[in-house]
Amino acid sequence: MGFAIRTERLRKVYPSSHGDRAALDDLTLDIPDGRVYGVIGRNGAGKTTFVRITSTQLALTSGTATVLGHDVATEERAIRVRIACVPQEARPLYFLNVEEVVYLYLKLRGLDPAEARARTKDALEQLSLTEFRRRMVSHLSGGLRRRVLCAMVLASDAEILFLDEPTTGLDPIARREVWHAIRRAVRERRTILLTTHYLDEAEALSARLALFERGRLVLEGTPEELRARVRFPYRVTVQGPFPASELASYGRVSAIEGGSLVFAREAEARELARTALERGLRVSMGPVSLEDIFLDVVGKSIEDEGPGAEPTA
Amino acid sequence: MSERNRLRSLFTLVQINGLIPIRTQPLYLVNLIASPLSFLFFIWIVSRGADLAYGVVGGMVLTMLSVGTGLQSDLTHYRHDMKFQDVVVASPVEAPVYVGGMALSELVYSLPALAVFVVLFFYYGYATPSSAVVLLGALLLVWSFATAFAFTLATYFQDVRETWMFSPIFSLVLTVLPPVYYPITYLPGWAQIAARFSPTTYAAELVQGAVGLQPLSFGGATFDWIVLVAFTAALFVLAAFKARWKDP
């Protein structure tokens, strides 16, 4: 297995009258091919900047980035013939109908009409858009428009798909249809770079994940590796009265409705669960979720910013 | 991308931005015919028909320039509001193909206006083989530099509202103030010198000369062609080096 995208000490600075701002800083990352690679982080963490640089839409300030072995700064053409992108705020052209959006995008990429038509039909079926194929984009809901954009790039012949928050605004069923289409693209040995705020989505789809915070890479690995690298890889919920001071000796405690949530190491988590059961309390225990990891890492980062600090937008 | 695929992309853009929107909203065609015909009507009334030929020539130049003003609005709208340019950048479609396709699609909107002027051109007996060639060449150059300039500007605009501010300025500087709708001799001396800074002056002068409205020597015509070609080439160079296909 090779790498679809590699960056080394990648840095992007946006000049501003209020002082230059680094949207990405010292980012070194290897993204393997043929899988979904998830990028998560707060708003303004640098996810979209990363997508835009690696999909050749935005120039980098320093460092290097290669896509399929080609330098993004000097070999854009070689990259562009092999990629497709759904930008974060993209909207399909409102005067086209659903079928035209997908079909004309494929023709624009140079596909011959017969192949474009076949791929369009297939993509619309995959994303349950066939019944809407003659409907004008201007008459679609926001979620359906997003699905149309997903269908557009998934129907393409690109080897790498850049999906910047592709399922924002979709209902749970539609999200799963997009997930299904993404999984199928992976079975076709395509690489997906996925940014998302839905951590369940990132966990469900991604073979590896990167957590960005204020332009820096703070965690990277498989979901299991990420769990192993946090201080407290287990979560225990205890329903009922349990002295707070005693709970704190097991790990980090958060109050929840009717009880407490404790993040702890495995031995302490087991000990706490046993103790709570002996006292007749309701207990559940399991590995931390991606959301827990996110809140743990990003929560600390927010605390480090100090009172009154704004997230980097 | 092969030449065949480039052509396919080009004509797909004509379909996307020209043929399909017109199918959806045919009033687009009326919109673009309104301005040049208004000028023509005005000139016909004021000159009691005497300067109608200038109105026909000027109308054609204005129609080709309107491709540029339409293009800068569409490109800016697609870039910022739809993120369509980002989708295209991250695809095999190259910048010249995108701009060429979009400029051709704008030409589709101008076809009815051009058709009216071409009919008048023939009807009033201005059409000769040589005048037709001069007309075609001059209009092609006007279309080309308007396209290159519109693309360059559109990549700097942050919002489509900025294009609304520029469009009337273009019309003023490139079609109303320069002697496009009237002979240059109507202008006072200082204004004739100022008009020489507008490339449309040379285009209009060439066509006015070719149809016999104004005397134009071989040397004068050669000079006009050189200036018009040089101006167009300069705007293409500007577009090639300064337009922001990839964001900085």
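Guide: Let's start with a definition: two strands pair if DSSP finds at least two bridges between them. Helices (H or I, at least four residues) and strands (E, at least two) are themselves DSSP runs, numbered from the N terminus. This is a predicted model, in which local features need pLDDT of at least 70 and side-chain atom pairs count only at pLDDT 80 or more, while totals for chains, interfaces and linings use all residues. Residues are numbered from 1 along each chain as its sequence is written, and chains are lettered from A and ligands numbered from 1 in the order in which they are written.

Visitor: Which order do the six strands of the open sheet in chain A have?

Guide: The order is E6-E7-E8-E3-E9-E10, and the pairing is mixed. Strand E6 (83–86) and strand E10 (216–221) of chain A are the edge strands, since each pairs on one side only. From one strand to the next, the twist averages 15°. For angles, axes are lines fitted to C-alpha atoms, for helices over the stretch in contact, and angles run from 0 to 180 degrees between N-to-C directions.

Visitor: How many bridges join E3(A) to E9(A), and how many join E3(A) to E8(A)?

Guide: Five bridges link strand E3 (residues 36–41) to strand E9 (residues 208–213) of chain A, and four link E3(A) to E8(A). E3(A) runs parallel to E9(A) and also parallel to E8(A).

Visitor: How many of the residues of E3(A) are buried?

Guide: First, the general idea: in a regular strand the side chains alternate between the two faces of the sheet. A residue is buried if 20 or more other C-beta atoms lie within 10 Å of its own, exposed if 12 or fewer, and partly exposed in between, with C-beta atoms placed from the backbone. In E3(A), six of its six residues are buried. Val36(A), Gly38(A) and Ile40(A) are on one side, with Tyr37(A), Val39(A) and Gly41(A) on the other, and both faces are covered.

Visitor: Which strands do helices H5(A) and H6(A) lie across?

Guide: Contact here asks that the C-beta atoms of two residues, placed from the backbone, lie within 7 Å. Helix H5 (residues 142–154) of chain A lies across E6 and strand E7 (160–164), at about 175° to E6(A). Helix H6 (residues 172–187) of chain A lies across E3, E7 and strand E8 (191–195), at about 145° to E8(A).

Visitor: What span should helix H4(A) have?

Guide: The expected span of a helix is 1.5 Å times one less than its number of residues. For the 14 residues of helix H4 (residues 113–126) of chain A, that should be 20 Å, and the end C-alpha atoms are 20 Å apart, which agrees.

Visitor: Where do the buried residues of H4(A) fall, seen down its axis?

Guide: An α-helix has 3.6 residues a turn, so residues three or four places apart point the same way. In H4(A), the buried residues are Ala116(A), Thr120(A), Ala123(A) and Leu124(A). They fall within an arc of 95°, so they line one face of the helix; the arc is that of the directions from the helix axis to the C-beta atoms. These buried residues pack against helix H3 (98–108) and H5 of chain A. On the face turned away are the exposed residues Ala114(A), Glu115(A) and Glu125(A).

Visitor: What is the phi of Ser128(A)?

Guide: Most residues other than glycine have a negative phi, and most peptide bonds are trans. Ser128(A) has a positive phi near 50°. Ser128(A) lies in the loop between H4 and H5 of chain A, and is partly exposed because 16 other C-beta atoms lie within 10 Å. In chain B, Arg48(B) also takes a positive phi, near 55°. Arg48(B) is in the loop between helix H2 (27–46) and helix H3 (52–81) of chain B, and counts as exposed, with 8 C-beta neighbours inside 10 Å.

Visitor: How many residues of chain B are in contact with chain A?

Guide: There are 24, and they touch 25 residues of chain A. Helix H1 (3–24) and helix H4 (84–89) of chain B are the elements that give two or more residues to this side. H1(B) provides the largest share, ten residues.
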